[in-house]
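Reader: Please take me through this one. Start with how the elements are named.

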Amino acid sequence: MSELRTLRNYINGEFVDAADGRTLDVIDPTTGEVYATSPLSGAADVDAAMAAAAEAFPVWRDATPSTRQKLLLKIADAVEDRADEIVDAECRNTGKPRGLTRSEEIGPMVDQIRFFAGAARLLEGKAAGE
């Protein structure tokens, strides 16, 4: 049996447990093995995430198209750089084969992020902010 991982919520720039401390087991569907515990998030966790997002929104809303594009391209590059880790995590979580996960998940994910990075440069008028 491999080491049991502990997953946490990511809210307002920090990894946190569920507000009420509840967890659930994460099971590898190909082996039936519990390989992680995850927060069993509730309304308080959703409220905290929504509040953090609302607080962060003005910064993103006011970002120029060039800033948005650069950040989205950085995310796409990070997904590509960590593709093996992402594929491993998705395969373990879903039981999906590696090759299929890589071709159906990573490529389209990176393509969509880069598409929206390009679309950020197509804003016109007042929304462009430049």
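Author: Helices (H or I, at least four residues) and strands (E, at least two) are DSSP runs, numbered from the N terminus. The model is predicted: local features need pLDDT of at least 70, side-chain atom pairs count only at pLDDT 80 or more, and totals for chains, interfaces and linings use all residues. Residues are numbered from 1 along each chain as its sequence is written, and side-chain values use heavy atoms, with hydrogens and water left out.

Reader: Where is the place of alanine 119?

Author: Alanine 119 sits in helix 4. Its relative accessible area is 26%, so alanine 119 is partly exposed. On this scale buried means under 20% relative accessible area, exposed over 50%, and partly exposed in between, with a 1.4 Å probe and protein chains only.

Reader: And what separates the C-alpha atoms of alanine 119 and arginine 82?

Author: A distance of 24 Å, for two residues that are 37 residues apart along the chain.

Reader: OK, helix packing. At what angle do the axes of helix 2 and helix 4 cross?

Author: Roughly 170°, and the axes come within 8 Å; helix 2 covers residues 65–81. That makes helix 2 roughly antiparallel to helix 4. The axes are lines fitted to C-alpha atoms, for helices over the stretch in contact, and angles run from 0 to 180 degrees between N-to-C directions. Under 35 degrees counts as roughly parallel, over 145 as roughly antiparallel, 65 to 115 as roughly perpendicular, and the rest as oblique.

Reader: Which residues in helix 2 and helix 4 meet?

Author: From helix 2 they include Leu72, Leu73, Ala76 and Asp77, and from helix 4 they include Ile106, Met109, Ile113 and Phe116. Contact means heavy atoms within 4.5 Å. The residues of this contact divide into 13 nonpolar, two polar and four charged.

Reader: How exposed is aspartate 77?

Author: Aspartate 77 is partly exposed, with a relative accessible area of 36%.

Reader: Switching topic: how many salt bridges in the whole structure?

Author: The search finds 12 salt bridges. Each is a side-chain nitrogen of Lys or Arg within 4 Å of a carboxyl oxygen of Asp or Glu. One of them joins the side chains of aspartate 20 and arginine 22 at 2.8 Å, N to O. Aspartate 20 is partly exposed at 49% relative accessible area, and arginine 22 is partly exposed at 41%.

Reader: What does arginine 98 form a salt bridge with?

Author: With aspartate 88, the closest N and O atoms being 2.2 Å apart. Arginine 98 lies in helix 4 (residues 98–120) and aspartate 88 in helix 3 (residues 83–94), so the pair ties together parts that are 10 residues apart in sequence. Arginine 98 counts as partly exposed at 41%, and aspartate 88 as partly exposed at 43%.

Reader: Which residues do salt bridges that share partners join into one network?

Author: Asp28, Glu33 and Arg92.

Reader: Aromatics next. How many aromatic pairs in the whole structure?

Author: Two aromatic pairs turn up in the search. Tyrosine 10 and phenylalanine 15 have ring centres 4.7 Å apart and planes at 55°, so that pair is tilted. Both tyrosine 10 and phenylalanine 15 are exposed. Phenylalanine 115 and phenylalanine 116 form an edge-to-face pair, 5.0 Å centre to centre with 90° between the planes. Phenylalanine 115 is exposed, at 53% relative accessible area. Rings of Phe, Tyr and Trp (its six-membered ring) pair if their centres lie within 6.5 Å; planes under 30 degrees apart count as stacked, over 60 as edge-to-face and the rest as tilted.

Reader: Backbone, then. What phi has asparagine 12?

Author: A positive one, about 55°, although asparagine 12 is not a glycine. Most residues other than glycine have a negative phi. Asparagine 12 is found in the loop between strand 2 (9–11) and strand 3 (14–16), and counts as exposed at 56%.

Reader: Last one: what does alanine 19 touch?

Author: Ala44 and Asp45, not counting residues up to four places away in sequence. Alanine 19 lies in the loop between strand 3 and strand 4 (23–27), and counts as exposed at 59%. Alanine 19 and alanine 76 are 31 Å apart in space, C-alpha to C-alpha, and 57 residues apart in sequence.

Note on methods:
Ala, Val, Leu, Ile, Met, Phe, Trp, Tyr, Cys and Pro count as nonpolar, Asp, Glu, Lys and Arg as charged, and the others, Gly among them, as polar.
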